[in-house]
Amino acid sequence: MSARPGDAGGNGAGARGYRPHYLAHRVRNSLLTLGGLAVLLVVLLLVDGGASVKLKQVFALFAIWGIATVSLNLVNGVTGILSLGHHGFMLIGGYVTGLLVLPTATRDNLARSARSELSDFAMGLSVENWFRALGLDSLTTPETLWARFLVAVLIGGLMAALFGVVVGFPSLRLRGDYLAIVTFAFGEAIRLLASTPLMSSFTNGALGFAGVPSDIGKSVWWTFGFLAVTVFVMARLKYSSYGRALQGIREDEIASEAMGVNTAYHKVLAFAISAFFAGVAGGLWVSWVGTARLDLFLFFLTFYFLVAISVGGTGSITGVLLGTALVVWVRQYGDPLEQTYALSTWAVAAGLVLLAVAALAFFLRRVRRIKPDLGPVVYVPGALGLVAALVGLLGQGMPALQATWQGFGMRAITLALLLITIMILRPVGIMGRREFTWAWLFRERLDEPTEEERAQDAWLSNPALSGRAGAEREDDEVDA
Amino acid sequence: MLRLAGVNKSFGGLQAITDLSFELAEGEIVSVIGPNGAGKTTVFNLITGVYTPDSGDILFEGGSLKGLRPNAIVDRGVARTFQNLRLFTNLTVLENVLIPQHHKLRSTWVSSVFRTSGYLAQERRMHEVALEKLSFFGPRLMGFRLHQSVEVLSYANRRRTEMARAMATGAKLLLLDEPSAGMNPKETREITEIIRRMRDEGGYTILLVEHKMNLVKDISDRVIVLDYGRKLAEGAYADVVNDPAVIEAYLGKRSDKTSAVARARAADGLVAGSSVDVPGSAAGGEERS
Amino acid sequence: MRRIAVTLAFALTLGGLALAQGTIKIGVFLELSGRMAVTGNDTLYGVRVANEQQPTVNGATVELSVCDNASTPEGSVVCANRFVDEGVVAVIGSYSSSHSIPAAGVLQPAGVVMVSTGSTNPATTQVGDYIFRIPYTDQFQGAVAAQYAHNDAGASSVAIFRQQDDDYSVGLSGFFKDAFEALGGRTTVLDFTANTVDFSAQINNLRSFNPDFIYYTGFCAEAASLVPQLRQQGFTQSILGGDASDDTQCPDGGGAAFDGFTFTSFGEPEVLTGAAAERAAEFRTAFEKSYTLDHFTGFTLSGADAYKVLVQAITDAGSTDHAAIRDALANLQDFPGVSGDITYVGTDGTPANRVMGLYAYQFSGNSWTKAVLKGISLE
Amino acid sequence: MAASAVVPRRRPWALWLVVLGGLGLITWRMLYLHGVNEAFNAAFFAGAVVRSLQLGSLYALIALGYTMVYGIIRLINFAHGEVFMVGAFAAYFLFSRTPFSWPVALLVAAAIAFGVLQFLNFWRGRARDPIVLAGALVVFAVVAFALASTQLGWFWAMVASMFVTGVLGMTIDRVAYRPLRGAPRNSMLITAIAVSFFLQNFGILAFSNRQTPFRPASFFTGPLQFQVFGEPLFTSWMIVLVPSVTAVLVVALTLFVTRTRLGKAMRATAQDAETARMMGVNVDRVIATTFLLGSMLAAAAGVLWGMTFGSINQPAIFGILPGIKAFAAAVIGGIGSLPGAVVGGVLLGFLENFLTALFPRTEYFSGITEYKDTFAFLAMIVILLVRPSGIVGEDLSEKV
């Protein structure tokens with residue numbers, strides 16, 4: 001157990017040159033991080049080079065939704081405000097980016113076709129025209145699409161951030177579930193307004209516009225590049241003084257206000273930053289799908305992000321990415337769930353799921369030493385699961401169970417049930433608030449007393465006691 | 001340093017504070033005492049901006065605090081602790097003491113993301129200030145405890161963390177709301193010593209709300225007695241305690257039904273200690289040391 | 001571990017191609033569930049019967065890889081991606097324009113020929129040269145409907161119901177509006193979105209316009225709510241529907257309110273003339289062997305023709321190379337289809353001079369029949 | 001859920017001024033429109049008023065469910081929109097697919113009997129009461145026989161669906177919400193969202209994923225025509241049935257809440273669940289009752305909604321918009337207060353129908369009908385910023 005890195009060490013009062021704890025082991029940690037990035041690059045190379053188009057698109061989708069969940073986590077996990085309007089910000093980012101980056105060929109096509117209500121002003125909005133106006137003709141060729149896309153995504157993000165500020169203001173007067181509902185109302189209002197005649201000169205109403213180039217949205221490199229930037233900014237923000245202030249607001253807003261944190265400014269800041277990255281994710285999502293349509297930004301998008309955050313771990317960036325991977329995997333590779341099977345197979349599957357939930361509940365109660373082990377949370381799903389499995393197995397022959405049933409929407413049902421189980425059994429999510437860091441890997445526990453500390457204090461050397469805050473004995477030591 | 005001039009505050013008909021005025025000079029330790037519900041915590045909330053006074057004014061170093069948001073008042077240099085311990089429970093002790101210094105940070109969130117040299121210097125400074133304030137309490141909150149999350153700390157340690165947090169805001173005036181609540185006699189003596197050191201070494205001016213009379217007696221230069229939102233008496237502890245109005249406020253009116261013992265005890269100036277038992281505190285009667 | 005998985009994937013696809021000589025895959029993606037399930041399945045039955053009639057081409061047996069897009073644009077994109085992964089030779093589908101256009105966006109860059117069985121919106125074939133269609137375009141249908149409303153029904157002001165989030169409906173209503181106003185009539189457009197049930201707002205707007213004829217360009221899911229509410233609110237004007245109203249959900253869902261509801265749709269055998277009528281009748285008898293006749297509609301014939309033109313193109317091309325199939329299809333001249341002659345030469349993938357039928361739902365008590373009024377074309 | 005009296009305004013005359021001014025403006029606007037186009041006659045506006053009442057009643061019925069649940073456990077029951085959907089589809093199966101085969105009839109009858117049992121249990125306040133058990137068995141037998149033999153009319157289909165949906169509401173509470181009693185606010189809300197998504201997709205599995213015609217044989221869906229100042233107004237009897245059923249249910253609910261013992265317990269729990277628990281109130285049973293009653297009202301609203309519009313949307317979509325709008329109505333009226341939900345619902349009905357009728361489409365003005373879906377949200381955001389406690393509700397601000 002090496003001495004705790006970068007600490008003033010032991011009982012020395014006063015502040016000798018204290019190096020913040022996260023600067024410890026810099027060399028080793030940065031080497032390991034570089035190693036990790038190398039592995040990621042190899043994986044991306046394989047995927048990019050691989051034959052399967054679907055795998056490439058799934059990785060790109062993971063990165064895009066990762067940007068959205070990590071940015072939503074800044075508001076939900078770090079600042080503790082439940083925001084349900086994330087799909088609204090993505091819509092703004094998506095439409096602005098899509099409109100700005102539409103190739104001229106598609107624009108003329110749209111202008112001629114009877115299905116476009118896009119006004120001439122909206123048609124004129126294109127980064128290509130702006131570059132040409134600025135004389136940067138080299139950037140208007142099809143190869144330099146990435147430059148135009150970059151500018152468009154930034155503008156989309158800024159527009160979304162603007163709305164983020166607008167949505168942030170009610171958060172100054174409202175708390176908890178009232179605020180959640182106002183953010184939800186904003187999200188839905190944005191989508192409904194986008195289809196009204198007022199806005200349809202920009203959004204072409206509910207029909208949207210097709211032909212958005214998807215070579216950026218579907219390229220693994222660009223999407224993971226954007227994801228890397230988002231994770232970098234969010235991680236650095238979380239571990240900075242601003243991050244601590246936001247977490248202070250999550251813990252106790254009144255105490256933060258009393259400790260000098262301008263909670264109004266910080267909450268609006270959190271909303272704005274989160275909305276900016278949501279706008280970027282929206283732009284990439286429109287590019288991934290290839291068309292800008294309103295029914296891409298329904299509330300189910302925010303629901304999937306909530307599942308990712310809650311299952312992965314609120315407040316932990318690695319946890320959120322883990323959750324996103326799970327959600328994308330179920331969404332994209334959940335097809336077998338939606339095929340038609342005989343009722344008996346459905347019964348057996350339901351039985352197994354319920355038994356798994358019962359086992360998980362039993363395991364968690366044992367770990368947390370909750371008596372009695374076999375609480376209702378365990379035996380109710382267990383019994384139901386057993387019955388369902390038996391009915392399924394034995395009833396193979398029965399005609400009633402022969403009827404086939406198309407598992408429609410089973411992917412969404414699985415995600416919904418997974419979220420309910422997680423909320424009941426482990427509300428903080430798989431990773432809780434802990435991050436996956438190299439220090440965690442090498443088991444450097446900062447909050448455990450080190451050897452010399454144990455040696456100095458008699459009562460600390462007895463491990464049983466060190467955990468308990470022995471207020472009585474501790475004082476006698478100091479006074480003697 | 002701090003001056004309240006004719007402050008009134010009412011909550012929909014209930015007159016909480018009526019025409020309260022008092023002053024606090026630099027480096028003074030003043031205690032505010034009074035029976036429960038006398039409005040002591042309301043005074044704190046008025047000074048720290050949680051409530052705004054209906055009339056009258058609160059001046060700090062000449063500038064008026066009336067109508068300012070709580071965090072602006074902290075910028076001016078007034079910090080407080082809470083009666084029922086509002087700590088950032090899931091954060092570590094070190095983080096709890098770093099957050100109050102956030103308002104002094106001069107760099108934007110962008111520079112904190114890119115960790116510019118200016119930002120890192122301020123971050124180092126914040127860490128040093130945090131350790132300096134925590135070291136006021138000796139080794140108890142240092143070493144491995146720095147990185148323990150607050151919920152595993154003992155009640156007394158949490159009290160100390162809350163005080164360190166108030167000091168870390170860089171304030172000049174500290175409002176301590178029952179700092180010794182929930183502490184045993186040894187810890188109360190220790191806290192008294194620490195408050196005195198804070199005033200002498202730290203140069204803080206302290207306004208105290210306290211029920212334990214021996215702590216008030218040992219440490220406060222002046223005492224203000226509140227009853228039903230009015231200032232009953234002000235002055236040194238000795239003469240305030242014997243003021244008949246104060247005894248009456250604490251023990252209620254003399255009436256034939258009061259037993260002989262109660263009258264005797266009141267007569268010889270031993271004002272019964274906290275007429276209300278703060279949860280977890282030692283037996284009320286031990287003040288008769 | 002990842003490395004092995006990837007090399008395995010390579011081996012499989014190579015292996016797949018080697019086996020190809022034995023079987024070739026044609027992708028079929030249609031609306032088999034959701035709002036347009038009735039028409040989607042009717043089309044699929046047409047494709048299956050045509051497959052039974054011509055199971056092999058150039059010696060290879062044809063395997064139909066069926067995918068359900070659940071009446072959603074995303075479902076169509078997922079199906080298109082799956083077909084590209086499976087390396088299908090060509091793709092049939094889908095029925096609605098809103099689903100065909102996104103899929104065309106995937107299949108065109110991938111260089112896979114796609115023949116849409118029901119999309120009448122011009123934008124579908126404009127996506128690229130690999131995209132073809134069997135039916136006419138909305139421009140043609142809009143003009144024919146305007147001509148019918150103005151000349152046959154003698155209308156001077158028409159209210160057009162438009163589903164604003166569907167390519168087909170927006171296209172058709174736009175073309176009808178231009179054609180009818182060119183004939184000197186007045187029009188107003190009333191918008192609604194998919195799955196609308198409460199039409200009181202649109203009916204309010206209708207009152208102030210007081211039309212003498214109504215043209216409905218949406219689907220039956222919404223018509224089943226709109227038409228009864230129109231009749232109940234006292235609107236007795238005659239209503240004309242587009243080919244999306246050729247769906248049993250309309251009369252079944254709307255009930256007796258649909259008595260006298262006329263609509264234009266794909267040509268059925270009774271409407272065709274000469275050799276095409278006999279081919280259609282023969283196909284109908286072949287169809288009767290496997291499915292009941294109430295599934296036999298113009299869309300069934302369109303599905304069958306999509307399969308037949310592809311088989312013809314592969315035989316002409318003599319190989320399963322995508323570009324060769326596309327060229328063969330583009331040079332098709334007077335192909336004897338069951339839904340009429342098909343010529344792609346000199347078009348952007350839309351067959352020229354298709355024949356349309358005019359039909360009406362007639363109720364006696366609670367049961368209804370689909371009456372064939374007459375064949376209809378542009379004068 | 002405090003059925004508190006309306007707080008008298010400090011300046012009552014100001015309120016009356018506003019109301020009179022509003023009416024004046026409306027009449028002026030109507031006359032002006034009539035000048036522009038004769039089609040905007042008295043019948044047009046009377047029809048708008050009548051339809052506003054009808055839609056407002058439906059919103060009120062659903063909003064009551066939201067308000068009761070929020071009042072008791074401070075939870076925004078996101079799944080309530082889906083409970084409304086299940087109510088409608090259950091009634092559809094009950095009146096169109098009956099008579100059922102025996103096994104199905106027994107199963108459904110068991111669910112209904114269980115609902116009745118819970119309702120009677122709550123009413124008498126003692127569990128395992130012999131009379132209640134006997135009553136439930138009788139109901140079970142009668143319902144099983146009826147389901148297996150006859151086709152249910154719309155009324156009995158509605159009543160049966162109300163009990164089945166009530167049982168569903170209680171199951172949601174028992175399975176998803178009760179384990180989270182002590183949990184932080186956000187996880188309760190996220191679970192509610194998860195339950196709502198589960199029901200949406202379960203609806204597709206269990207019922208269908210296509211629009212379903214909803215035409216029970218009933219006199220009330222028949223056409224009704226009457227003259228308003230000479231002009232004919234074409235509507236159906238539903239404009240009479242919906243408000244009256246709503247009125248009956250609201251009066252019954254208010255009587256239940258104010259007069260019965262269990263109602264008192266509900267109001268106590270709404271004020272302070274902990275103290276109520278200490279006063280011997282079985283809080284879990286009170287919460288279960290709230291879900292039962294809320295879900296029953298939602299089921300009634302589902303059936304009436306289907307009958308009004310003649311068809312119901314596919315399950316995944318049907319409950320979403322009405323659900324959110326009803327919640328907005330509950331917030332506008334004042335979340336937590338029963339009169340608030342009714343006031344909010346009716347107000348939203350008028351906003352969506354009558355206001356759009358006041359600004360219809362004319363030659364030179366395209367009208368605001370396309371924006372009617374956003375009214376609910378915009379009104380809710382304004383109310384939350386201006387007066388968070390709503391029109392009728394009392395202030396629930398957090399004390400320091």
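Two residues are said to be in contact when heavy atoms of the two lie within 4.5 Å. The legends below describe a predicted model.

Figure 1. Residue B:Glu28 lies in a loop of chain B, between strand E2 (14–24) and strand E3 (29–33). Its relative accessibility is 13%, so B:Glu28 counts as buried, the limit for that class being under 20%. The side chain of B:Glu28 comes to 2.8 Å from the backbone nitrogen of B:Ala25. When neighbours within four places in sequence are set aside, the residues in contact with B:Glu28 are B:Arg199, B:Thr205, B:Ile206, B:Asp221 and B:Arg222.

**Figure 2. The largest nonpolar core.** This core has 271 residues, and those with the most contacts inside it are A:Trp65, A:Trp285, B:Leu174 and D:Phe78. The element that gives the most to this core is helix H11 (residues 283–309) of chain D, with 18 residues. A second, separate core has 58 residues, among them C:Leu44, C:Val89, C:Ala90 and C:Val91.

**Figure 3. Contacts of B:Leu174.** Residue B:Leu174 is one of the residues with the most contacts inside the largest nonpolar core. Apart from neighbours within four places in sequence, B:Leu174 is in contact with B:Ala79, B:Ala166, B:Met167 and B:Met198, and also with B:Tyr204, B:Thr205, B:Ile206 and B:Leu207. Of these, B:Thr205 and B:Ile206 are also listed among the contacts of B:Glu28.

**Figure 4. The fold of chain C.** Chain C contains 13 helices and 15 strands. Its radius of gyration is 21 Å, close to the 21 Å given by the globule rule for 379 residues, so chain C is as compact as a globular protein of that length. The C-alpha trace of chain C spans about 70 × 55 × 40 Å along its principal axes. Among contacts in chain C between residues at least 6 apart in sequence, 69% join residues at least 24 apart.

**Figure 5. Burial and surface of chain C.** Of the 379 residues in chain C, 64% count as buried. The chain exposes about 12,700 Å², of which carbon and sulfur atoms supply 55%.

**Figure 6. The two assigned domains of chain A.** In the domain assignment of chain A, domain 1 covers 51–336 and domain 2 covers 340–406. The centres of domain 1 and domain 2 of chain A, taken over C-alpha atoms, are separated by 39 Å.

Terms used: Residues numbered from 1 in each chain as written. Chains lettered and ligands numbered in written order. Predicted model: local features only at pLDDT ≥ 70, side-chain atom pairs only at ≥ 80, totals over all residues. Heavy atoms only, no water. Domains from an automatic or database assignment. Helix = DSSP H or I, 4+ residues; strand = E, 2+ residues; numbered from the N terminus. Buried < 20%, exposed > 50% of the residue type's maximum accessible area, 1.4 Å probe, protein only. Polar contact = N/O pair within 3.5 Å; in protein donor to acceptor, adjacent residues only side chain to side chain. Core = buried A, V, L, I, M, F, W, Y, C linked by side-chain atoms within 4.5 Å. Rg over C-alpha atoms; globule rule 2.2 N^0.38 Å. Areas by Shrake-Rupley, 256 points an atom, 1.4 Å probe, with all protein chains shown as cover.
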